[in-house]
Amino acid sequence: MSSGNRSEAVDVRKSYEVRTYGCQMNVHDSERLSGLLEDAGYVRAPEGSDGDADVVVFNTCAVRENADNKLYGNLGRLAPMKTKRPGMQIAVGGCLAQKDRDTIVARAPWVDVVFGTHNIGKLPVLLERARIQEEAQIEIAESLEAFPSTLPTRRESAYAAWVSISVGCNNTCTFCIVPALRGKEKDRRTGDILAEIEALVAEGVSEITLLGQNVNAYGSDIGDREAFSKLLRACGRIEGLERVRFTSPHPRDFTDDVIAAMAETPNVMPQLHMPMQSGSDTILKAMRRSYRQERFLGIIEKVRAAMPDAAISTDIIVGFPGETEEDFEQTMHAVREARFANAFTFQYSKRPGTPAADMEGQIPKEVVQERYMRLSVLQEEISWSENKKQVGRTLDVMVAEGEGRKDGATHRLSGRAPDNRLVHFTKPDQDVRPGDVVTVEISYAAPHHLLAEGAPVGVRRTRSGDAWEKRNAAAAAKPAGVMLGLPGIGAPAPLPAASAPGCGCD
């Protein structure tokens, strides 16, 4: 019996690969790009495909000086593969796409789609349009079309999730190009944020990270300076939500009500990542950072008074234009005073399009390198010293997936303590899954991780572990990339056989 227009043939769906560069916002956006593509009928290419996918998407970053060289190098490696595989498509999105626009296709004419930071939801449509019209599609929106969190998603974790509360930034730091590429800050409605978190918890998520370019400035749209602390407290009332984190806050907006909300809300973790960038008041002024060393260290002191066990981390730029040896020593002094659990240190590099790139007093590379090494040695000593204070403590560790590269050889598992320190621990006798919580006693400290060598004190199986198990079982049972009938909207049909042949700015 005829089935009308319905095809009875088996259709192997087209595969995709997303390559992500840059900050947590890009990681979050990439989860949405993956979700959009799967919603349109594509399937994820196996790990290690290395460009051997039907669609390769680059979600780019423009923060580093050599970001464009890295992109064009990767695009160049894909060019011969695309020549051998008619129908293969390449898309470039993210901050570099927002900045360079037409330049990308001019330098790499084999690229099919260029889209910006404000219109990631258009990717499937642009791919389809490029396929039909057989020419590159460049579409860069000047303002946000939809919050990333409102788009379909393919989350990398079954137990932890990003939740975007704002996009854009109102600051004018001279080293940062992000505000020009992601626009002015735009806050999401509190009700929408909480509804998304509740939906994630219902799916088994037990840890969320509130995400924003300047996350604690949340509320600037409505003139409520306490909106962020209110949001933290509201998260504390969501049943089943065990851990709340946020990144990255700005010292300018780090008010006492936020510290109180952190200390008084049990599921807000005793962890703070707050970029300092420099300890020199002179350099902070040149960076257009709206605080000085005394203000920054004062915040640290207040946080520790309210949460003595809090782990505090930061970002630091070494060798900013005009930085003298005295300026650098002020940074070293601030690091000694703050005693960060860890610090992400960067050698200053020019960000094209930023005021700092044209400043006088650019520091010679060898001077920057020497200062960077001195700072790294100091911070390593402090990190180790701070970690040693954890020895003998009993901690609840949420089991992670893929954080311990040597776990197989050492017969250990790895996870994160409440303060986000990485813990490697002896594998329990009973089965545990990522998302489960294991209670351990810390026996040894290294600069960048803790070790629990004894038998675990206890194991708590969680809804998040159940969610991880369910996800893996479903993936194992699903025949990869095969379906009957017509492909989903947005995913092109296979070619006939004869034709067929990839912001630490705060």
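The buried residues of H11 are Gln293, Phe296, Leu297, Ile299, Ile300 and Val303; buried means under 20% relative accessible area, exposed over 50%, and partly exposed in between, with a 1.4 Å probe and protein chains only. Because these residues cover an arc of only 150° around the axis, they end up on the same side of H11 (the arc is that of the directions from the helix axis to the C-beta atoms). The face turned away from that buried side carries exposed Glu294, Glu301 and Ala305. An α-helix has 3.6 residues a turn, so residues three or four places apart point the same way.

H11 runs over residues 293–306, 14 residues in total, and reaches 20 Å from its first C-alpha to its last, close to the 20 Å expected at 1.5 Å a residue. That expected span is 1.5 Å times one less than the number of residues. Helices (H or I, at least four residues) and strands (E, at least two) are DSSP runs, numbered from the N terminus. The cover over the buried residues of H11 includes helix H9 (256–264), strand E13 (271–273), helix H10 (281–286), E14 and H12.

## About the model

This is a predicted model, where local features need pLDDT of at least 70 and side-chain atom pairs count only at pLDDT 80 or more, while totals for chains, interfaces and linings use all residues. Residues are numbered from 1 along each chain as its sequence is written, and side-chain values use heavy atoms, with hydrogens and water left out.

H8 itself is mostly covered, with seven of its nine residues buried; Leu232 is one of them. Helix H7 (190–202), strand E11 (207–211), strand E12 (243–247) and H9 are among the elements covering those buried residues. As for phenylalanine 254, leaving aside neighbours within four places in sequence, its contacts (heavy atoms within 4.5 Å) include Phe246, Met262, Ile299 and Val303.

## Strands E14 and E15

Strand E14 (residues 311–318) pairs with E15 in the parallel sense over six bridges; two strands count as paired if DSSP finds at least two bridges between them. From E14 the chain crosses through helix H12 (residues 325–338) to E15, in a right-handed β-α-β crossover. Right-handed means that, with the strands pointing away from the viewer, the path from the first strand over the helix to the second runs clockwise.

Phenylalanine 344 is the bridge partner of aspartate 315.

## The six-stranded sheet

There is also an open sheet of six strands in the order E3-E2-E4-E5-E6-E7, with parallel pairing. Its edge strands, E3 (43–44) and E7 (137–139), each pair on one side only. Two bridges join E2 (residues 15–20) to E3, and serine 15 has valine 43 as its bridge partner in E3.

## Arginine 101

Arginine 101 lies in the loop between helix H3 (95–100) and helix H4 (102–107). Its relative accessible area is 29%, so arginine 101 is partly exposed. Not counting residues up to four places away in sequence, arginine 101 touches Leu96, Val114, Ile140 and Glu142.
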